[in-house]
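I opened this model to look up its ring contacts, its charge pairs and its backbone exceptions. The entries are in the order in which I made them.

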Amino acid sequence: MTDITDLTVAGIRDGFRAGDFSAREVASAFNANVAAAKALNAFIVETPDKALQAADAADKAKAAGETPGALAAVPIGMKDLFCTEGTQTTAASHMLEGFVPTYESTVSAKLWAAGAGMLGKLNLDQFAMGSSNETSYYGNVISPWRRNDGGNAALAPGGSSGGSSSAIAARLCPAATGTDTGGSIRQPAAFTGISGIKPTYGRCSRWGIVAFASSLDQAGPMARTVRDNAILLEVMAGFDPKDSTSLDLAVPQWEAGLSSDLRGKKVGIPKEYRPDGLNAEISAMWDRGIAWLKDAGAEVVEVSLPHTKYALPTYYIIAPAEASSNLARYDGVRYGQRDLPDGAGLQDMYAATRAAGFGPEVKRRIMIGTYVLSAGFYDAYYTQAQKVRALIARDFEQAFEKCDLLLTPTAPSASFALGEKQADPLAMYLNDVFTVPASLAGLPAMAVPGGLDSQGLPIGLQIIGKALDEQTVLNAGLAIEERAGFVARPGKWW
């Protein structure tokens, strides 16, 4: 029999319903994997009892003849940006160390209501700011992958959802939640050989998720297969009156609608995504992806997204500006860290608390954001960035007049060694060059593994769809998944 921890979400769900194993057996197997993988540092808090509690509830309901929930018997990892009632939620920061919410985020509540159990809270870049999971106060997450050159360099799992991507690739959990502000689901998925989808902005409630950039943040699932992502997204999505940006729309049956037949669909290839100097292996994988979609029946057309070159600077004005505003609440007065030097006044407490509570990358973004929002520079930077954002969104609208979806690389390279890009923030920010445009436009976008590079590391392809058309994105992802036949997994060293 297949090891339970090698099963997908669909495999666990169906096997449990068929009586092949109990929910407790599943939870126990994954709890054991989590406990044995401390070297990856994927979890900030482990919650084996919560996983077993949900499993026992699923077994009891099944024995009583009740219809199981959509995720009954499926234990998952929860990115530590989602507030979980009674379980510490830190956003991987010192600022929120010891913060135990008295309420549950909407997305996590939906998952628990569907029968999922929580294996633990997953590590991430601090306040979701980073592309390599090196900014966490609780230490780097390490990718389970290694280069095949005989070296032993620890590799980045991507960010900010690096704990999620590492844990799924290492079989510590069959699926996990992620959040994506500028690529934080898609880039880590590409780095670790898994799939992940950022839905249309507003599909999943942001209520109870620690805020980074409110006009960009969007929750989404991460898992090993496209089908698993569809299963999770159906549960996670839906209108929430507590989130003013939540879309009041029915949730489609994405899993039932899965089809890899793309006949009648047009796939756009944006010429601006193939700049001079694009990594040759990334470019070759992109070409293979194009051939796979043609094989699935799609017609391929070239499109132009002329404002692509402005996307990264636009993002790194808007996102830090919103972060500067959102993170102003961490002042040491109401909750979280408080540093009160002897004889200090209120201003001294603010300064000491924020100096100790935030890491260097978070401070950098707050300072950038405060600068672009200041009286003398608001119009020159922030207002201009919002105008360019509108142009980027218009580029996509015009491209989608000629096609149904876009295919691009997910990241400009495969995973890199921890520490390799940390000294140069701009080099790190360039990791988001292919993912940021879809975030600025609020469009659904998915990363699917295509294969391995010459060093044995995963490379992912990105599919971008029209607003609210997650189905076409998932279907194209399924077409690639079937043709790529990606079954590689990291060799166990931890």
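Below are my notes, entry by entry.

**Ground rules.** I am working with a predicted model, in which local features need pLDDT of at least 70, side-chain atom pairs count only at pLDDT 80 or more, and totals for chains, interfaces and linings use all residues. Residues are numbered from 1 along each chain as its sequence is written, and side-chain values use heavy atoms, with hydrogens and water left out.

**Record.** I checked UniProt, where an unreviewed entry lists residues 30-474 as "domain: Amidase". Its positions are given in the numbering used here, feature names are shortened, and annotations may be inferred rather than shown by experiment. Over residues 30-474 I read 34% helix and 14% strand, with the end C-alpha atoms 27 Å apart. Helices (H or I, at least four residues) and strands (E, at least two) are DSSP runs numbered from the N terminus.

**Aromatic pairs.** I searched the whole structure and found 17 aromatic pairs. Rings of Phe, Tyr and Trp (its six-membered ring) pair if their centres lie within 6.5 Å; planes under 30 degrees apart count as stacked, over 60 as edge-to-face and the rest as tilted. Phe191 and Phe416 make an edge-to-face pair, at 5.6 Å centre to centre and 90° between the planes. This pair links distant parts of the chain, 225 residues apart: Phe191 is in helix 6 (residues 186-192), and Phe416 is in the loop between strand 9 (405-409) and helix 13 (425-429). Both Phe191 and Phe416 are buried. For cover I use these limits: buried is under 20% relative accessible area, exposed is over 50%, and partly exposed is in between (1.4 Å probe, protein chains only).

I then looked at Tyr371 and Tyr381, a tilted pair with 5.8 Å centre to centre and 55° between the planes. Tyr371 lies in helix 11 and Tyr381 in helix 12 (residues 378-399), so the pair ties together parts 10 residues apart in sequence. Tyr371 counts as partly exposed because its relative accessibility is 40%, and Tyr381 does so at 32%. With Phe377, these two tyrosines form a nonpolar patch on the surface, about 270 Å² of accessible area together. Patches take residues with over 30% relative accessible area and no salt bridge, joining like charges within 9 Å and nonpolar side chains (Val, Leu, Ile, Met, Phe, Trp, Tyr) within 5 Å. Areas come from the Shrake-Rupley method with a 1.4 Å probe, and for residues only the protein chains shown count as cover.

I also noted one aromatic cluster made of Phe99, Phe127, Tyr330, Tyr335 and Phe358.

**Charges over rings.** The test is NZ of Lys or CZ of Arg within 6 Å of the ring centre and within 35 degrees of the ring normal. Lys62 lies over the face of Phe16 at 5.5 Å from the ring centre, and the charged end of Lys242 sits over the ring of Trp207, 4.7 Å from its centre.

**Salt bridges.** I counted 21 in the structure, each a side-chain nitrogen of Lys or Arg within 4 Å of a carboxyl oxygen of Asp or Glu. Glu361 bridges to Arg364, with the closest N and O atoms 2.3 Å apart. The two are three residues apart in helix 11, so about one helical turn separates them. Glu361 is buried at 11% relative accessibility, whereas Arg364 is partly exposed at 33%. Shared partners join Arg13, Asp14, Arg227 and Glu255 into one network of salt bridges. Within it, Arg13 and Asp14 meet at 2.9 Å, N to O.

**Helix 7.** How many residues of helix 7 (residues 226-236) are buried? I get nine of its 11, among them Val226, Ile231 and Met236. Gly238, which follows the helix, has a positive phi near 135°.

**Backbone exceptions.** Most residues other than glycine have a negative phi, and most peptide bonds are trans. I logged a cis peptide bond between Gly159 and Ser160, with omega about 10°. Ser160 is in the loop between strand 3 (117-122) and helix 5 (162-169). Ala128, also found in the loop between strand 3 and helix 5, has a positive phi near 65°; it is buried, with a relative accessible area of 2%. Arg171 has a positive phi of about 65° and is found in the loop between helix 5 and strand 4 (175-180). At 10% relative accessibility, Arg171 counts as buried.
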